[in-house]
Amino acid sequence: GALAQAGEAAVDTLVAALAEQDWTDEILAEIGAPAVDAVVEELGSGNSRVRFRALGVLLRLFLEDEASVRDELVRPELVPLLLDARLNATYGDDRDRAAEAVLALIGEPAVEPVMALLMKEYWAAGVLAAMGEPAVPALTAALGSDDRDLRFKAADVLVQITKSEPASVAALTAGLADEDLKSIATGYAYY
């Protein structure tokens, strides 16, 4: 539209309207790079709608060209916002998948918060698997949990990681006693 064609000149007006107009995030994403700095500033807004829409702009841009906003998104301090958006904004499109991908790229700082969701949110296992090596210590620790379902879910994710990064899991599981491995193998029909 005309606003997207106006480009940088329309950015401030569109950013100011993030709280009121649900279409502004789409236009800011169309504008692209000239809107990024102004949108990043809104990630700290006191209004959750503004935060979610600003994040949505960056996630749209991430989907189009990851490198263009990687530095703005792949930051440990954004873990709470990314989780909040994934749990509550539920964009219902590829932005949900992009939020998960960004959490995986953040890696270690996101491990514990995502681990806390492992039994509640279906997508948490995929994020941990995509993280790979940074998630292995927490997943390995979960193998010793009293919660049988958590142990099996952690084992599932470790198997997924083993497919892409066999050395990272092998180094940690080498320390497990044979009895631990027998317990996992006999207690879970899929192994």
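This is a predicted model: local features need pLDDT of at least 70, side-chain atom pairs count only at pLDDT 80 or more; totals for chains, interfaces and linings use all residues.
Visitor: What elements make up the protein chain?

Guide: It has 14 helices and 0 strands. From the N terminus on, the order reads α-α-α-α-α-α-α-α-α-α-α-α-α-α.

Visitor: How much of the protein chain counts as buried?

Guide: Of its 191 residues, 45% count as buried.

Visitor: And what do the contacts say about sequence separation?

Guide: Take contacts between residues at least 6 apart in sequence. Of these, 59% join residues at least 24 apart.

Visitor: Let's take single residues. Why is L18 called buried?

Guide: Its relative accessibility is 0%. Buried means under 20%. L18 therefore counts as buried.

Visitor: Where does L18 lie?

Guide: In the loop between α2 and α3.

Visitor: Which residues is L18 in contact with, leaving aside its neighbours within four places in sequence?

Guide: T24, D25, L28, E42, R49, V50, R53 and A54. Take R53: it is 35 residues from L18 along the chain, yet their C-alpha atoms are separated by 6.7 Å.

Visitor: E100 is a glutamate. What makes E100 buried?

Guide: The cut-off again. E100 has a relative accessible area of 17%. The limit is under 20%, so E100 is buried. E100 is found in helix α8, residues 94-106. Beyond its neighbours within four places in sequence, E100 is in contact with R86, W123 and V127.

Visitor: How do you know that F62 is buried or exposed?

Guide: F62 has 6% relative accessibility. Exposed would need over 50%, buried needs under 20%. F62 therefore counts as buried. F62 sits in helix α5.

Visitor: What is F62 in contact with, neighbours within four places aside?

Guide: V69, L73, A98, A101, V102 and L105. F62 and A98 are 36 residues apart in sequence, and 7.1 Å apart from C-alpha to C-alpha.

Visitor: Now V36. Why is V36 called buried?

Guide: Its relative accessible area is 7%. The cut-off is under 20%, so V36 is buried. V36 belongs to helix α4.

Visitor: What does V36 touch, not counting residues up to four places away in sequence?

Guide: L58, L61, V69 and E72. As for V11, it is 25 residues from V36 in sequence and 9.2 Å away in space, C-alpha to C-alpha.

Visitor: Which residues of α4 are buried?

Guide: A35, V36, A38 and V39, in a helix that spans residues 33-41. What covers them includes α2 (8-16), α3 (24-31), α5 (48-64) and α6 (66-73).

Visitor: On to α2. Which of its residues are buried?

Guide: A10, V11, L14 and V15.

Visitor: How do you know that they line one face of the helix?

Guide: Look down the axis of α2. Its buried residues fall within an arc of 135°, so they line one face.

Visitor: What does the face turned away from the buried side of α2 carry?

Guide: The exposed residues A9, D12, T13 and A16. Exposed means over 50% relative accessible area.

Visitor: Which residues are buried in α9?

Guide: A110, V111, V114 and M115, within residues 108-115. Seen down the axis of α9, they fall within an arc of 130°, so they line one face of that helix. Their cover includes α7 (79-89), α8, α10 (122-131) and α11 (136-142).

Visitor: What describes a pair of packed helices?

Guide: The angle between their axes, and the distance between the axes.

Visitor: What are those values for α3 and α5?

Guide: Their axes come within 9 Å and cross at roughly 35°. The crossing is right-handed.

Visitor: Which residues make the contact?

Guide: From α3, D25, E26, L28 and A29. From α5, R53, V57, R60 and L61.

Visitor: How do the residues of this contact divide?

Guide: Into 4 nonpolar, no polar and 4 charged. Leu, Ala and Val count as nonpolar, and Asp, Glu and Arg as charged.

Conventions:
Residues are numbered from 1 along each chain as its sequence is written. Side-chain values use heavy atoms; hydrogens and water are left out. Buried means under 20% relative accessible area, exposed over 50%, partly exposed in between (1.4 Å probe, protein chains only). Helices (H or I, at least four residues) and strands (E, at least two) are DSSP runs, numbered from the N terminus. Contact means heavy atoms within 4.5 Å. Axes are lines fitted to C-alpha atoms, for helices over the stretch in contact, and angles run from 0 to 180 degrees between N-to-C directions. A crossing is left-handed if the near helix is turned anticlockwise from the far one by less than a right angle, and right-handed if clockwise. The arc is that of the directions from the helix axis to the C-beta atoms.
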